[in-house]
Amino acid sequence: MIKITHVLTDSNIGGAGILLCNLFSELNRQDFDFRVILPKGAALSPLISALDIPVLEAEICPDRSFCFKDFFVFRRLLAENMPDILHTHGSFAARLAGRTLSVPHCILTRHCDTPVKMPTFIYNSISDLTVCTSMPLYEHMLTYGVPKEKLRFIINGAKPCARISESRKKELCALFDIPKSARVIGIVGRLEKIKGQELFLRAAQNVLRAKRNCVFLLVGDGSMRQELEALSYRLGISENVRFCGHRQDAGEIMNLFDIAVNSSFGSETSSLAISESLSLAIPVVASDIDGNGALLGTTPASLPVLTSLFPTVSSPALFFKRGDSVSLANALLYLLEHDTLRKIIGKNGNEHYKKNLTPSSMAKEYEKLYREIVEGRSFS
């Protein structure tokens with residue numbers, strides 16, 4: 001039995017937390033003994049516990065990679081139940097504690113493609129192996145100075161969202177006051193600056209100038225909620241915008257989408273919201289950042305290219321220029337005006353999901369990695 005402790009310091013539920021839930025639901029429990037350390041009161045705790053995975057809620061600083069007092073908290077918790085593998089999701093304090101305790105193997109999954117804020121020699125001495133969730137991130141880590149033998153690429157797998165009944169759709173439409181004739185454009189994710197919801201709202205303003213029968217749903221919560229709600233009023237679009245907050249039934253709400261949007265600026269590696277949208281054959285409009293292109297297995301195709309190829313386009317998504325609300329609005333308007341193209345892109349995306357983005361394929365890669373690590377075959 002291989003003992004593995006996961007550490008995640010997020011207070012809210014983000015992509016890393018959903019990844020853990022998807023991973024635990026598919027991993028072979030007969031060969032692996034898991035536990036998870038989370039901040040006290042973390043929103044993820046009940047979801048992990050529901051999967052029969054032991055959760056330790058610790059008095060650590062939430063949403064921070066390093067806090068000096070956390071180092072001692074992690075040392076105590078790890079010493080009480082020494083794992084074979086310490087698997088962190090961003091916590092430098094936990095990896096440092098693990099290294100000073102001589103935990104056999106300390107690894108890290110990087111979920112964002114952001115610059116590493118420490119000298120390379122320190123990073124390499126603390127982290128035995130880094131799992132990269134996109135190939136662009138893998139290449140950036142090589143450039144940063146992490147040896148190839150200390151890197152592994154494993155793309156995130158997302159559980160398919162279940163389709164809901166027409167009666168359930170009516171219930172949700174009534175809950176969020178969505179008119180029967182409205183087209184629904186949605187975005188799922190934490191309400192944080194890097195996710196680009198401000199851009200989403202500014203694009204919504206442009207779309208609504210041409211098409212008033214649209215409703216824009218923001219599913220998720222975060223530190224920018226009040227600011228974004230205020231922006232919707234300043235833009236004069238509040239009547240067409242719904243802030244749904246964090247929802248356990250986010251997958252059900254996505255069934256309402258006619259179009260799903262990812263407007264991240266640059267750190268996204270493998271968006272779970274995109275994968276979940278693809279599982280429902282919802283056409284996706286995504287920013288043309290490297291991570292989105294890699295996730296979708298294609299070079300981002302611009303709107304003019306798709307216009308010239310339509311209806312023979314094979315792209316699983318429509319891309320817009322990152323940070324450009326006008327580009328996003330134009331992409332949305334084009335899809336709203338071309339029902340056949342919208343269906344084609346949705347079908348292409350669903351086929352791509354089934355082939356490449358399921359949680360079972362991700363779990364197999366992690367099981368293989370864990371065994372290689374313990375057997376000493378993964379890194380020197």
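**Close-up views of a predicted model**

**View 1. The open six-stranded sheet.** In this predicted model, six strands form an open sheet in the order β10-β9-β8-β11-β12-β13, with parallel pairing (strands are DSSP runs of E with at least two residues, helices runs of H or I with at least four, both numbered from the N terminus; two strands pair if DSSP finds at least two bridges between them). β10 (241–245) and β13 (318–320) are the edge strands, each with a single partner strand, so one side of each lacks a neighbour in the sheet. Direction ignored, neighbouring strands of the sheet are turned by 25° against each other on average.

**View 2. Strands β8 and β11 with helix α11.** Strand β8 (residues 183–188) pairs with strand β11 (residues 259–262) in the parallel sense over two bridges. G186 stands opposite A260 in β11. Helix α11 (residues 272–279) packs on the sheet and touches β8, β11 and β12 (284–287) (contact means heavy atoms within 4.5 Å). The direction of α11 makes about 160° with that of β12 (axes are lines fitted to C-alpha atoms, for helices over the stretch in contact, and angles run from 0 to 180 degrees between N-to-C directions).

**View 3. Packing of helices α3 and α4.** Helix α3 (residues 68–80) packs against helix α4 (residues 92–100) at an angle of about 50°, with their axes 8 Å apart. D70, F71, F74, R75 and L78 in α3 meet A93, A94, L96, A97, G98 and T100 in α4.

**Notes.** Residues are numbered from 1 along each chain as its sequence is written. Local features need pLDDT of at least 70, side-chain atom pairs count only at pLDDT 80 or more, and totals for chains, interfaces and linings use all residues, while side-chain values use heavy atoms, with hydrogens and water left out.
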